[in-house]
Amino acid sequence: MVYKIMEYNEEKCREMYLKKVIKVSAIFMFCVYLMGCAGSFGYRSEMPVEEAASERITVGFSQLGAESDWRSENTESMKGTFTEENGYTLIFEDGQQKQANQIRAIRMFIQQEVDYIVLAPVMETGWETVLQEAKDAGIPVIIVDRKVDVSDDGLFTCWIGSDFELEGKKAAEWLNQYAKAKGIDPADIHVVNIQGTKGSSPQIGRTKGLADAARVNGWDLLAEVPGDFTRAKGKEVMESLLKQYKNINVVYCENDNEAFGAIEAIEASGKKVGSDITGGEIMVISFDGVNREAIQYTLEGKITCIAECNPLHGPRVRAMIEALEAGEIPEKFSYVDEEIFSADETVGVLKIGETSYRVKILTKENIEEDKKEE
């Protein structure tokens, strides 16, 4: 993680410092009062738990929900990082895929006077008012994963996450290179897009990556339908698409859970998933790569290509908080480095703009090595 020292905001830091001093002083006075009371009953308590709690940094984390395996991994990364042993008190709130729940959680964090607010937003828009409230309260807000669309970037301190449009470009370019290597006419590529939650950053970026490639390369983009990043919705949407379009040979799923559902629907219809799209198979392209089932499906050829989306943001957010505590300011936008996976060796390197990306070819051997490293 690379940090840069920016102009020191003396007034804001003074406010944050005084806030912490008042908070610690109040706890100290309360402890003195209790110790005095304890003396009247003939015993004395040193209250080490309360003293330790006063030194911990309090983080309020609003997670958007638990709609996917990626989201569960992201939550565990945060919970595993912001522990008492690491010097933190974590207040966790699950938004259950509803923005209103997340807004209420942020307001609760403000009332509790947490030191930092971490937000994983369900969608990009609709955050102006509550983020202004957090700013007015002098509480830094760190955005993780999906972005927020606000008129003033000063409403949040920094953001950490994936370049979702780049992920989409990688997956689309993999398909482009594969088709060229196999001599497949672009007009013979009939693709449907099972999108993520509409209005979310990954949906916007990954949808754009495919739509742009389809237009440039001349692919037949049959449909774009939301699957809400869930297995059940992915299956439901795929069942409907198979009934509407008889010539589908590529399914672009905007996360692994949707891909699992789509594969169930394809196989239940009597069709076969695989990379031989000129031979009647339906190719499945996916995103995330955090689930062992997804990796196994890739080895079996059921998922032909996965653009990685890394969910382990806990340590990265902690590094940002430690920088802020030290009087530094992290980069406003920090992107995570990610790979692209396939068990098919047809495409080895992708070039997007001036940058080349090597495709990681999955084998049983290198997967076992990765397991040992974990």
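This is a predicted model: local features need pLDDT of at least 70, side-chain atom pairs count only at pLDDT 80 or more; totals for chains, interfaces and linings use all residues.
1. The model has an open sheet of six strands, ordered β3-β2-β4-β5-β6-β13, and the pairing is parallel. The edge positions are taken by β3 and β13 (333-335). Each of these has a single partner strand, so one side of each is left without a neighbour in the sheet. From one strand to the next the twist averages 20 degrees.

2. Strand β2 (residues 57-63) pairs with strand β4 (residues 116-119) in the parallel sense, over four bridges. A residue to look up here is Phe61, whose bridge partner in β4 is Val118.

3. A helix on the sheet. Helix α4 packs on the sheet and touches β2, β3 and β4. The direction of α4 makes about 170 degrees with that of β2.

4. Helix against helix. Helix α3 (residues 69-81) packs against helix α11 (residues 314-325), with the axes 8 Å apart and at an angle of about 45 degrees. That angle makes α3 oblique to α11. On the α3 side the contact is made by Ser77, Met78 and Thr81. On the α11 side the residues are Gly314, Pro315, Val317 and Arg318.

5. Salt bridges, overall. Side chains of opposite charge can pair when their charged atoms come close. The count for this model comes to 20 salt bridges.

6. Arg107 and Glu133. These two form a salt bridge, with the closest N and O atoms 2.8 Å apart. Arg107 lies in helix α4 and Glu133 in helix α5 (residues 128-136), so the pair ties together parts that are 26 residues apart in sequence. How accessible is Arg107? Arg107 is partly exposed, with a relative accessible area of 36%. Glu133 also counts as partly exposed, at 28% relative accessibility.

7. Arg206 and Glu167. The side chains of Arg206 and Glu167 meet in a salt bridge at 2.8 Å, N to O. The pair links distant parts of the chain, with Arg206 in helix α7 (residues 201-217) and Glu167 in helix α6 (residues 164-182), 39 residues apart. Both Arg206 and Glu167 are buried.

8. Glu267 and Lys302. In this salt bridge the closest N and O atoms are 3.3 Å apart. Glu267 belongs to helix α9 (residues 256-268), while Lys302 lies in the loop between α10 (292-300) and β11 (305-308), so the pair ties together parts that are 35 residues apart in sequence. Glu267 is partly exposed at 37% relative accessibility, and Lys302 is partly exposed at 21%.

9. A charged network. Salt bridges that share partners join Glu165, Lys169, Lys208, Asp212 and Arg215 into one network.

10. Cysteines. A disulfide is a covalent bond between the sulfur atoms of two cysteines. How many disulfides does the structure hold? The structure holds zero disulfides. As for individual cysteines, Cys253 is buried, with a relative accessible area of 0%. Cys305 likewise counts as buried, at 0% relative accessibility.

11. Gln97 is partly exposed, with a relative accessible area of 37%.

12. Ser54 and Thr89. Ser54 is found in helix α2 (residues 48-55) and is partly exposed, with a relative accessible area of 21%. In sequence, Ser54 and Thr89 are 35 residues apart. In space, the C-alpha to C-alpha distance between Ser54 and Thr89 is 9.7 Å.

Technical notes
Residues are numbered from 1 along each chain as its sequence is written. Side-chain values use heavy atoms; hydrogens and water are left out. Buried means under 20% relative accessible area, exposed over 50%, partly exposed in between (1.4 Å probe, protein chains only). A salt bridge is a side-chain nitrogen of Lys or Arg within 4 Å of a carboxyl oxygen of Asp or Glu. Helices (H or I, at least four residues) and strands (E, at least two) are DSSP runs, numbered from the N terminus. Two strands pair if DSSP finds at least two bridges between them. Axes are lines fitted to C-alpha atoms, for helices over the stretch in contact, and angles run from 0 to 180 degrees between N-to-C directions. Contact means heavy atoms within 4.5 Å. A disulfide is a pair of cysteine sulfur atoms within 2.5 Å. Angles under 35 degrees count as roughly parallel, over 145 as roughly antiparallel, 65 to 115 as roughly perpendicular and the rest as oblique.
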